[in-house]
Amino acid sequence: MSTIGYLGPEGSYSQLAAQKLSHGDINPYPSFYALVSALEQGEADGIVLPVENSLNGGVMQNLDLLQEAEGLIAVKEVILPIEHRLLTLKDADRCGITTIYSHSQALGQCAKYINSHFPDAKLVPTPSTAACVERVRTTADAGIVGAQFSAEGYKLWPECISDEQSNCTQFLYVVKGSPDPSVHSGKIFLCLTCAHRPGALLEVLAVFAREEINMTKIESRPIKDRVGEYRFFIEIEADYSSPEIQSAMNSLRDICNSIKILGCY
């Protein structure tokens, strides 16, 4: 049976995504770097990575990891609704909370609630939402976890504290491999760089327009060793096996400085 890695500990949204995306044994890892390393070294057969949240946008660390890694490809996706809840010790009163722990994404996704109810609270990022639980040790501590989380000795407050009720996160299932032109897909995820001159990105977008390809997202990231230049992460609705898409990919290779397929799913 295959082994699937996710960002732990148990109770995280990454674990829930792993359960939906695979039927293998799922194991927690302490960081996204550890996840990618485990896949590259053969310790895991697949890993689950969050890549975009509907409120906060791209998970930049994971976009960079996918772009930098060699021989990895995303082959499945799942989009999970995210419902954040406040977690405290069972006998805690919310009026006494002075410190709130959670993953930085969760803290950002609950920013309005935190500012309204705990404007003076200290916010402390943790490696994942589930990892914040061990930091909640006194009645002055609170964590932000998913609505599915439960642990003995803690209270999960009933209301959703996400700033937007339609909050959701896209997770990708990543394995070792390379794009296969014979495999059908509903979406293609790629990153590219283009010439640093006026109109260069417009030429890229014109390829999609000409082939009537719908672009579902675009994200820019600075190129680390070239100040003022950017790498673009783009997701499109397309079948990678179709001749039209292969023609479009060839057109992109002609006009881009670099192009890499990150996923076909």
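Trainee: Which strands and which helix do the buried residues of H2 pack against?

Mentor: This is a predicted model, and in it the buried residues of H2 pack against strands S1 (3-7), S2 (25-29), S3 (46-53), S5 (72-81) and S11 (168-176), together with helix H3 (60-68).

Trainee: Which residues of H2 are buried?

Mentor: In helix H2, which spans residues 32-40, the buried residues are Phe-32, Leu-35, Val-36, Ala-38 and Leu-39. Viewed down the axis of H2, these buried residues fall within an arc of 160 degrees, so they line one face of the helix.

Trainee: Why do residues three or four places apart point the same way in an α-helix?

Mentor: An α-helix has 3.6 residues a turn, so residues at a spacing of three or four places point the same way. With that idea in hand, we can turn to helix H6, residues 200-210, where Ala-200, Val-204, Val-207 and Phe-208 are buried. These residues cover an arc of only 95 degrees around the axis, which puts them on the same side of H6.

Trainee: Which exposed residues does the face of H6 turned away from its buried side carry?

Mentor: That face carries the exposed residues Leu-202, Ala-209 and Arg-210, while the buried residues of H6 pack against strands S12 (187-194), S13, S14 (230-237) and S15 (256-264), and against helix H7.

Trainee: At what angle do the axes of H6 and H7 cross?

Mentor: The axes of H6 and H7, the latter running over residues 243-255, come within 10 Å and cross at roughly 165 degrees. Because an angle over 145 degrees counts as roughly antiparallel, H6 is roughly antiparallel to H7, and H6 passes H7 in a right-handed crossing.

Trainee: Which residues of H6 and H7 meet?

Mentor: On the H6 side they are Glu-203, Val-204, Val-207, Phe-208 and Arg-210, and these meet Ala-248, Ser-251, Leu-252 and Ile-255 in H7. Sorted by class, the contact of H6 with H7 has six nonpolar, one polar and two charged residues.

Trainee: Is the peptide bond from Gly-8 to Pro-9 cis or trans?

Mentor: The bond from Gly-8 to Pro-9 is cis, with omega near 0 degrees, and Pro-9 is placed in the loop between S1 and helix H1 (13-21).

Trainee: Does Leu-80 count as buried or exposed?

Mentor: Leu-80, which lies in strand S5, counts as buried at 3% relative accessibility. Leaving aside neighbours within four places in sequence, Leu-80 is in contact with several residues, among them Tyr-13, Leu-16, Ala-17 and Phe-171. The C-alpha atoms of Leu-80 and Ser-14 are separated by 9.6 Å, although these residues are 66 residues apart along the chain.

Trainee: Where does Lys-112 lie, and is Lys-112 buried or exposed?

Mentor: Lys-112 lies in helix H5, residues 111-117, and at 57% relative accessibility Lys-112 counts as exposed. Again leaving aside neighbours within four places in sequence, Lys-112 is in contact with Asp-163 and Glu-164. Lys-112 and Leu-21, which are 91 residues apart in sequence, are 32 Å apart in space, C-alpha to C-alpha.

Technical notes: Residues numbered from 1 in each chain as written. Predicted model: local features only at pLDDT ≥ 70, side-chain atom pairs only at ≥ 80, totals over all residues. Heavy atoms only, no water. Axes fitted to C-alpha atoms, helices over the stretch in contact; angles between N-to-C directions. Helix = DSSP H or I, 4+ residues; strand = E, 2+ residues; numbered from the N terminus. Parallel < 35°, antiparallel > 145°, perpendicular 65-115°, else oblique. Left-handed = near helix turned anticlockwise from the far one by under 90°. Contact = heavy atoms within 4.5 Å. Nonpolar A, V, L, I, M, F, W, Y, C, P; charged D, E, K, R; others polar. Buried < 20%, exposed > 50% of the residue type's maximum accessible area, 1.4 Å probe, protein only. Arc of directions from axis to C-beta.
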